[in-house]
Amino acid sequence: MTGDPDTSQDNLQDIRLGHADRGFVGKIIRLDALVTGSSLSPQELEQRLVEMGFVEGARVEILHEGTIRRDPIAVRVDNITIALRRSEAMAVIVE
Amino acid sequence: MTTASLRLALVGAPNTGKTSLFNSLTGSRQKVANYPGVTVERKSGGFVTPEGRSVTVLDLPGTYSLRGRSPDEEITRDIVLGRFDGEAVPDLMLCVADATNLRLTLRLVLELKRVGRPMMLVLNMIDIAKRRGVTIDLDRMSQELGLPIVTSVAVRKGGVDELLKRTDEFLAKSHEAAASEWTTPTIADLKAAQREADRIIAAVVTLPTKPDTLTNRIDSVVLHPVWGLVILAVILFVMFQAVFTWAQPAMELLSDGFAALGQLIHDLLPASWGLLQSFLQNGLISGVGSVIVFLPQIIIIFLFILLLEDFGYMARAAFLMDRIMGGAGLHGRAFIPLLSSFACAIPGIMATRVIDNRRDRLTTILIAPLMTCSARIPVYTLIISAFVPATTLWGFVNLQGLVMFGLYAAGITSALTVSAIAKFFLWRDHAPAPFMLELPDYKMPRLKSIAIGVFTRAKMFLYRAGTTILSMMVLIWFLASFPQAPAGAEGPAINYSFAAMIGHALEPLLRPIGFNWQIAVALIPGMAAREVAVAALGTVYSIEGGKEAADAIGQVLAQKWTLATALSLLVWYIFAPQCASTLAVIRRETGGAKWMVVTFLYMLALAYVASFLTFNLAQALGLH
């Protein structure tokens, strides 16, 4: 069952990057900063993610995880590596 | 701003080698100061082009965009837009990019272009890009961006020659700035700019078929959940060893040197000039000397910090520690500054500049003095060896060592507690800063750049020792020397001074925590540097002699104090706020007296309460 791409509901194959495990490889579909555990406002969080290169179509791979609760994560975004907390990575929808 | 020389400004994202380019352009002709009213470092320098034109360079704080979301980034934005008071608009902006990693910088370039000022793109680290098989069509890129492009290898001799040549060419022509079209970018703007940057990269950059895997291979060990922490612990251990053992000979040399200098001056002056003698020897030379003695430790700490930073490890340490420190409301980046504070809070507080969020930085500055600095060690050793028996527990634990360890642990625990409390009460309404940072590829540290960095820090430290700290020392000497003892008076001269008066006046306040007036008197010169209190106790109890006297002081103290008093003084020193130099640095780094007063008062309160509890508990247990 694949959802209508126009609805805001998550597609079944869509995963929030904050939930993904180490070794995950995927592509960014969109950013959705409305429901995350981050302290930043959705707009501010989205802006910062874009500034760090998290844009639609970018290839992402989770390279490393922290010791406690596997947080934070080190993510390869195209050809740069960004470290961020899982709560902020929740805003990145990947497939 | 009537300087005739050309003003250059370096702009760029973090980790693009901007600072090493700055170092390589200006060498040691650098000035580090603060921008007025803020704690942001202003780095400027100068050089002369091959054709003899003099150029001043400003190294602007690194930023990913001109949005200005931190004080540093606001400075960059305001200077670039020419609306920063007291800072002239740069004549030419050099946008520095890491040639191996163009994505984020190119978006910044597109944003900067909208400002309309003369600009040149510098592709730095072009040697690494070539070695990795990255090829860049420079002509096409220059066309696409509408900007002149130069390549540079900031770390190699001659690596900036082309940049110098092009600067001369630029100067030969006249340039006019176009009107600024810059507006704060929206998310849509940012995305559009990123797409445009990606399009240009796709058109002009050919990536190697085999990507660089060295960084990834190193990271798979260094960022490993278990091995990563082990490696971090080993690095810290080596750093500690270095700070405490390597610095020792140099510190002893300095301290002996100052003592000899003081003695020399003492001997050179006629005895009838006793006051001047005392001022020069005890006030000026021993006062400033007691601070300069820490220079070797400061140099070693900054050598380590800059090496690790340059190598690319600092961001990894922050990654490893973020969650662990987060429990106490601290940012991952607070880790290294706090660690440095074990040597001395001064470099620790100076190193908090790596924390970009102001609140996180203030919390770190606030708790840094709670880390057991090396100046407390002489006090601790004196009291422990005098009062704690050197018995062995459970067959292998030395009781004295255990108490020492306990004092360190108490310092760390209280620091974390204060941070958690500060987070709860002071910043409750503020959300914690997110942790989002680039993990740059590993690079070989550039020795010249590091040498310049260490030199700059050492210079700042010495400058401060020569100004703020010096004036504090003179004041403290004055208090301890005036009024002078009457002729034929008995007992040490300090007993007749203002310091003794203050000591006597403070005694009623300090009696509940078990301090007598002699301790109160010793605490006053201890303001200069904590370990001076040891010598002051010696003076008050009329013990003659230099370092060898430490044992004698211990013997006297063991007779004159109860164990309860000794324990109370130990606990006092865990928190002891009296370090004039630390307070001066806090004032300088936070840009005002407010946080200096806050630090002083909260540490004083903690010290008093903790000593009060310790003293009364010890007495109740009958430890006399």
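Student: Over which residues of chain A does pLDDT stay under 50?
Tutor: This is a predicted model, in which local features need pLDDT of at least 70, side-chain atom pairs count only at pLDDT 80 or more, and totals for chains, interfaces and linings use all residues. Residues are numbered from 1 along each chain as its sequence is written, and chains are lettered from A in the order in which they are written. pLDDT is the predictor's confidence in each residue, from 0 to 100. The stretch under 50, for which the model has five contacts (heavy atoms within 4.5 Å) beyond four places in sequence, is residues 1-9.

Student: What pLDDT does chain A average?
Tutor: In chain A, 87% of the residues score at least 70. The average for the chain is a pLDDT of 84.

Student: What radius of gyration does chain B have, and why does it agree with a compact globule?
Tutor: The radius is taken over C-alpha atoms, and the globule rule is 2.2 Å times the number of residues to the power 0.38. Because a compact globule of 624 residues would have a radius of gyration near 25 Å, the value for chain B agrees, at 28 Å.

Student: What share of the residues of chain B count as buried?
Tutor: Buried means under 20% relative accessible area, with a 1.4 Å probe and protein chains only. Of the 624 residues of chain B, the buried share is 54%.

Student: What share of the contacts in chain B with a separation of 6 or more comes from residues 24 or more positions apart?
Tutor: The C-alpha atoms of chain B fill a box of roughly 90 × 60 × 45 Å along the principal axes. Within chain B, the share of those contacts is 73%.

Definitions and conventions:
Side-chain values use heavy atoms; hydrogens and water are left out. Buried means under 20% relative accessible area, exposed over 50%, partly exposed in between (1.4 Å probe, protein chains only).
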